[in-house]
Amino acid sequence: MRDRAELVIIGGGIVGLSLAYQLARMGMTDVVVLEQGYLCFGASGRNGGGVRQQWSTEENILLAKQSVRMFRQLSREIGHNIWFRQGGYLFLARNAETAAALEKTVKLQNRMGVGTRIISPAAAARLVAGLHTEGIEACSYNSSDGVLFPWPAVWGMASVARQLGVQINTHTRVTGIDVKGREVVKVVTDRGAVATRRVVNAAGAWSWQIARMAGVELPNKPYRHEILVTEPLKPFLEPMLSDLSNGMYFSQTMRGEILGGISDPDEPSSMETGSSFRFLARMCSSMIRLLPRLSRVKILRQWAGYYDETPDGQPILGRVEPLDGFIQLNGFGGHGFMLAPAIGKIAAEWILRKVDHRIFHTYALSRFKHGETRKENFVIG
Ligand SMILES: Cc1cc2nc3c(=O)[nH]c(=O)nc-3n(C[C@H](O)[C@H](O)[C@H](O)COP(=O)(O)OP(=O)(O)OC[C@H]3O[C@@H](n4cnc5c(N)ncnc54)[C@H](O)[C@@H]3O)c2cc1C
């Protein structure tokens, strides 16, 4: 392992690797990535692969729109097929209040050049054969949203970054960060130390622990999020379906499996990744309510990963007081994968070329101190 680097990235998930990949492509290769497990160990290897532009804040719409454009090119760029399929996202509202919120977010998306439409339950049933529309008030549909297979995106970005000279150390756990005055001087691991003046905290659900090593308190909390996959079925489901009444979502993968999860308001913050019967029961009954033909399908597997949650459901990005060289890229909850291409590019331009961006102001850690938070209302799962 190198003993010094211009920049150290803690966390070999999609966020850290997207940054490493972009920096390397822009010519900065004196970069070391430190990952405690294998690539795909964290949330980036356990998620649903959903990519959507239907958000309620301008920043998320901007980031998602840019990321969709980038995902469309990514397979070619990295030489790994990420299986990005733009079959759309269909959100379902079951009461007037949610329907009104949908309408408001669609107007904002349209103003920002995202072509989401409000459609009737009857029109939704034409998109998804067998959809049970009783009790559904309104739907929003965007045909350019989609799903992908997360693993090749992670592996591909890592392999290009490596080829260009970035050193990615897996099975290397960060145990400490040495600070002198306002500066970071060294990152300590269980395999030796790396001297550096700049450190990026892209450790997902572990970010609060990493920050504490440098004397910084983050409000992030980890939450288990469970997910399941069924046996493969003949392709029949184009869009990702999401029921806003309980935060349930599922899509059909390119291999034919149905893959999805559901919000659980009673899930406490923890570092638990076991699988529960409660999830299985809630998820299955919710899926069958929407698509009764799934009642005979066999579940193959369930698993869990973490959402790295902040109090307003938005990430923490950029510098933190009083440490100049300690950069945060974390707190992505249930939508970090889909935003990672844009985040990596914007952060690389900011680090390397000092190109400022509104996200480093809107999503600064200091917003919590100054009461400048704006909740994202469209978080599901
Ligand atoms: C079940 C589930 C479904 C999801 N569905 C979607 C979806 O459909 N679409 C979407 O966009 N997002 C989804 N998400 C969220 C998404 O997966 C995350 O937001 C995203 O992967 C976060 O990436 P990351 O790089 O920040 O974190 P991670 O992928 O968790 O990477 C952080 C890495 O840091 C490493 N690390 C931690 N501590 C240390 C240490 N001390 N030393 C060295 N390394 C360390 C960890 O091992 C980990 O690999 C889902 C998440 C889950 C759990």
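**Six-stranded sheet.** I started with the open sheet of 6 strands, ordered β8-β2-β1-β12-β19-β18 with mixed pairing. Strands here are DSSP runs of E with at least two residues, helices are runs of H or I with at least four residues, and both are numbered from the N terminus. Two strands pair if DSSP finds at least two bridges between them. At the edges I found β8 (167-169) and β18 (316-320), each pairing on one side only. From one strand to the next, the twist averages 20°.

**Before going on.** I noted that this is a predicted model, where local features need pLDDT of at least 70, side-chain atom pairs count only at pLDDT 80 or more, and totals for chains, interfaces and linings use all residues. Residues are numbered from 1 along each chain as its sequence is written, and side-chain values use heavy atoms, with hydrogens and water left out.

**Confidence.** I looked up pLDDT, the predictor's confidence in each residue, from 0 to 100. The chain's mean is 97, and 100% of its residues reach 70 or more.

β1 and strand β12 (residues 199-201) run parallel, joined by 3 bridges. I checked V8, and its bridge partner in β12 is V199.

**Helices on the sheet.** Helix α8 touches β12, β18 and β19, and its direction makes about 170° with that of β19. Helix α1 lies across β1, β2 (31-34), β8, β12 and β19 (323-330), at about 155° to β1. Axes are lines fitted to C-alpha atoms, for helices over the stretch in contact, and angles run from 0 to 180 degrees between N-to-C directions.

**A helix pair.** Helix α2 (residues 58-78) packs with helix α8 (residues 336-353) at about 90°, their axes 7 Å apart. That makes α2 roughly perpendicular to α8 (the label covers 65 to 115 degrees). Contact (heavy atoms within 4.5 Å) involves residues including L63 and F71 of α2 and F337 and I346 of α8.

**The other sheet.** Next I looked at 3 strands in an open sheet, β9-β10-β11, with antiparallel pairing. β9 (174-180) and β11 (192-195) each have a single partner strand, so one side of each lacks a neighbour in the sheet. β9 pairs with β10 (residues 183-189) over 6 bridges, and D178 stands opposite K186 in β10.

**Salt bridges.** I found 21 in the structure, each a side-chain nitrogen of Lys or Arg within 4 Å of a carboxyl oxygen of Asp or Glu. One joins E77 and R25 (3.3 Å, N to O). E77 sits in α2 and R25 in α1 (residues 14-25), 52 residues apart.

Terms used: Parallel < 35°, antiparallel > 145°, perpendicular 65-115°, else oblique.
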